[in-house]
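Q: Please take a close look at a single part of this structure. Plain wording is enough.
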Amino acid sequence: MLTANTVSKTYAGKKLFIEVSTAFAPGNRYGLTGPNGSGKSTFMRILAGMLDPDTGTVSRPRKTAYLKQDHTEYDDCVVLDTVLMGNAPLWAAMQERDAIHVAGDESDEAGMRLAELEGIVAEEDGYTAEPEAEALLEGLGLPPDLHRVPVRELSGGNKVRVLLAQALFGHPDCMLLDEPTNHLDLDTIEWLEEHLLQYSGVLVLISHDRRFLNDLCTHIADIDFETIITYPGNYDDMVRTKAQARDRQVVQNAAREKKVSDLKEFIAKFSAGTRASQVQSRKKLVEKLQPSDVKRSNIARPFIRFEVTKESGRNVFYLQDTAVDYGNGTVWQPLRATVSRGERIGLIGKDGAGKTTLLKLLAGQLQPGTGTIEWGHEVKVGYLPQEHEDQIEAGSTIDRWLHGYKPGADLQDIRHLLGRMLFKSDEGTKPTGTLSGGERVRMLMCKLALQGGNLLLLDEPTNHLDLEGCSALAEGLAEYKGTLVVATHDRNLLAEGCTRIWRIADGEVLDFQGTYEDFVARYGH
């Protein structure tokens with residue numbers, strides 16, 4: 001059992017939660033939810049013992065695993081050793097055992113200690129540890145040739161895979177996973193889901209992947225109103241329950257207000273008469289019947305819409321045996337495809353397959369090594385890159401930066417657009433250099449909305465968005481009247497927003513004319 005007892009935490013002057021007491025039971029899988037800034041990661045770190053609460057205590061199982069967030073912490077370690085470190089008792093016993101052997105100590109004391117250490121290794125399944133660790137790494141998409149290299153030689157995405165394997169390793173009693181699907185492709189997310197469904201300990205996870213939470217979670221622990229409320233069921237169940245509870249409170253308040261109005265009418269009519277005792281009793285009842293506060297839910301969804309200023313021609317672009325040079329060859333085999341107005345293409349494939357390269361090619365940031373791109377009439381491109389820090393000018397404010405992309409727009413209209421994207425009224429003057437990752441993405445989406453492009457190129461647009469932001473984006477793209485090419489591992493977005501799938505694998509592009517669900521039914525993930 002994992003328990004938090006009267007835990008409170010204030011961060012940067014904001015009260016995140018006050019005297020929270022909650023418990024997480026073995027065999028249940030909990031999604032920890034709440035909007036950006038609500039304190040999810042802070043509470044997770046408190047549960048893991050990485051951060052002290054202001055007040056209260058946490059009781060956790062002896063073997064509690066936490067998905068580390070510092071991707072450079074193990075740069076000097078070998079990949080396989082880093083995973084084995086996930087079982088601290090086993091790793092310590094193996095290191096001490098090896099040190100005794102290297103020292104050549106043949107004393108009786110050393111012999112007794114070696115026997116103790118071998119007992120620990122056996123108890124912790126140490127004799128099958130390496131095969132287990134290798135199986136986890138392969139399941140998470142890290143091939144065997146990378147298992148014995150230093151972590152520093154890996155890409156950022158592969159470092160995340162190593163840290164995730166470390167958290168999964170060693171049969172922990174409790175696992176705390178903060179955004180475990182970040183940087184994972186669709187195949188690996190499916191593998192991780194299946195692995196976690198077999199887990200019997202305490203599982204608490206944070207994710208912006210709505211389908212991941214819906215498929216996996218038995219309970220949702222939602223940070224709301226400075227406390228944590230646990231709901232049975234998955235994320236969609238929780239949203240419905242919260243909405244129903246609020247609706248019931250509104251109905252109850254309306255009934256109370258009607259009753260109070262009737263009582264006040266009686267009091268006013270008979271306060272000066274002979275029915276003084278009845279008047280007093282009704283005054284007391286009025287005090288008891290005051291409506292309860294209907295607190296606003298923490299589920300805040302932006303309103304994302306991309307309007308098309310001017311429609312493109314029927315054919316948007318044509319790839320004529322097009323490829324991009326990379327090293328001694330091309331990223332993928334020359335591609336031939338025609339994209340028509342209104343098509344919505346979902347671009348999928350493993351990391352490094354070439355999805356970003358293809359989007360950069362269409363955005364004009366790369367030139368084809370072979371073949372050509374023929375553009376249709378009046379095509380206007382809106383591009384959201386995956387790495388966008390250098391896209392935003394420092395030393396400006398949000399509203400002024402956006403105004404530069406549509407100088408004829410009224411500043412109030414821009415602030416209204418920002419409000420739809422959950423920027424509060426005074427946040428339009430916020431310096432661009434101080435924005436969080438989620439704020440940058442929402443501001444860049446405001447830019448796309450202002451530009452009115454008829455071809456949107458989006459590279460992992462759900463990165464840095466919370467659950468409701470991802471859902472709002474899927475709805476907005478489903479309403480978009482232009483043409484779309486989007487690289488994403490968000491299955492909801494693929495299912496709701498795409499009508500055609502391009503999968504890049506083994507240097508080839510498979511062009512599937514149909515929905516994502518049809519693609520999965522035919523080819524799997």
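Which residues are buried in α4?

A: Some notes on the model come first. This is a predicted model, in which local features need pLDDT of at least 70 and side-chain atom pairs count only at pLDDT 80 or more, while totals for chains, interfaces and linings use all residues. Residues are numbered from 1 along each chain as its sequence is written, and side-chain values use heavy atoms, with hydrogens and water left out.

The buried residues in α4 are Ala110, Leu114, Leu117 and Val121. They lie on the same side of α4 because they cover an arc of only 65° around the axis, the arc being that of the directions from the helix axis to the C-beta atoms. Buried means under 20% relative accessible area, exposed over 50%, and partly exposed in between, with a 1.4 Å probe and protein chains only. An α-helix has 3.6 residues a turn, so residues three or four places apart point the same way.

Helices (H or I, at least four residues) and strands (E, at least two) are DSSP runs, numbered from the N terminus. Helix α4 covers residues 108–123, and its 16 residues should span 22 Å at 1.5 Å a residue; the expected span is 1.5 Å times one less than the number of residues. The end C-alpha atoms of α4 are 23 Å apart, which agrees.

What covers the buried residues of α4 includes α3 (88–103), where contact means heavy atoms within 4.5 Å. On the face of α4 turned away from its buried side are the exposed residues Asp108, Glu109, Met112, Ala115 and Glu123. Just after α4, Asp125 has a positive phi of about 55°.
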